[in-house]
Amino acid sequence: MFTLNENEREYRFGESGPKYLMKGPRMNFAVVRFLPGEDFQAHYHNVMEENFFILEGKVDIVVDGKKNTLSAGDFIHIEPGEVHYVKNAYDAPVKMVSALAPFQEVDKVSVENPVY
């Protein structure tokens, strides 16, 4: 058992990107923030499923070519093998929770970003 406060961790890119509150041994749990115009390389996972829960703002998550526009309170589940691309195409930051399981140290396969 452990506890921590989100403020004890930093976003990967200063003001944005993932902020991992836990990495393994069975799952990853992160708070993710994207500023307007930011995106994350399209990819898929061979083993891990990924879930996003939107806390603030609005974001596009393209899954296997289908654009899903999500806002605060929305949840999306992404299965292993489904290509997903995340972009904040809006004028305000987005903040969301990301959970991946079962934990794999290396399980991300990058692909070309979709045009939508």
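Select Phe34 to begin: its relative accessible area of 5% is under the 20% cut-off, so Phe34 is buried. The model is predicted.

A search of the whole structure gives two aromatic pairs.

For the other pair, select Tyr85 and Tyr116. Their ring centres lie 6.3 Å apart with the planes at 75 degrees, so this pair is edge-to-face. Tyr85 belongs to strand β8 (residues 84–87), while Tyr116 sits in the segment after β10 (108–110), so the contact ties together parts 31 residues apart in sequence. Colour the two by accessibility: Tyr85 is buried at 4% relative accessibility, whereas Tyr116, at 43%, is partly exposed.

Now switch to a cartoon of the protein chain. There are ten strands and zero helices, and the sequence order reads β-β-β-β-β-β-β-β-β-β. Show contacts next: of those with a separation of 6 or more, 66% join residues 24 or more positions apart.

Zoom out to the C-alpha trace, which spans about 40 × 30 × 25 Å along its principal axes.

Finish with the surface. The accessible area of the protein chain is about 6600 Å², and carbon and sulfur atoms hold 51% of it. Select the charged residues: the mean positions of the 12 positive and 18 negative charges are 3 Å apart.

Notes. Residues are numbered from 1 along each chain as its sequence is written. This is a predicted model: local features need pLDDT of at least 70, side-chain atom pairs count only at pLDDT 80 or more; totals for chains, interfaces and linings use all residues. Side-chain values use heavy atoms; hydrogens and water are left out. Helices (H or I, at least four residues) and strands (E, at least two) are DSSP runs, numbered from the N terminus. Contact means heavy atoms within 4.5 Å. Accessible areas come from the Shrake-Rupley method with a 1.4 Å probe; for residues, only the protein chains shown count as cover. Lys and Arg count as positive and Asp and Glu as negative; His and the chain ends are not counted. The place of a charge is taken as NZ of Lys, CZ of Arg, CG of Asp or CD of Glu. Rings of Phe, Tyr and Trp (its six-membered ring) pair if their centres lie within 6.5 Å; planes under 30 degrees apart count as stacked, over 60 as edge-to-face and the rest as tilted. Buried means under 20% relative accessible area, exposed over 50%, partly exposed in between (1.4 Å probe, protein chains only).
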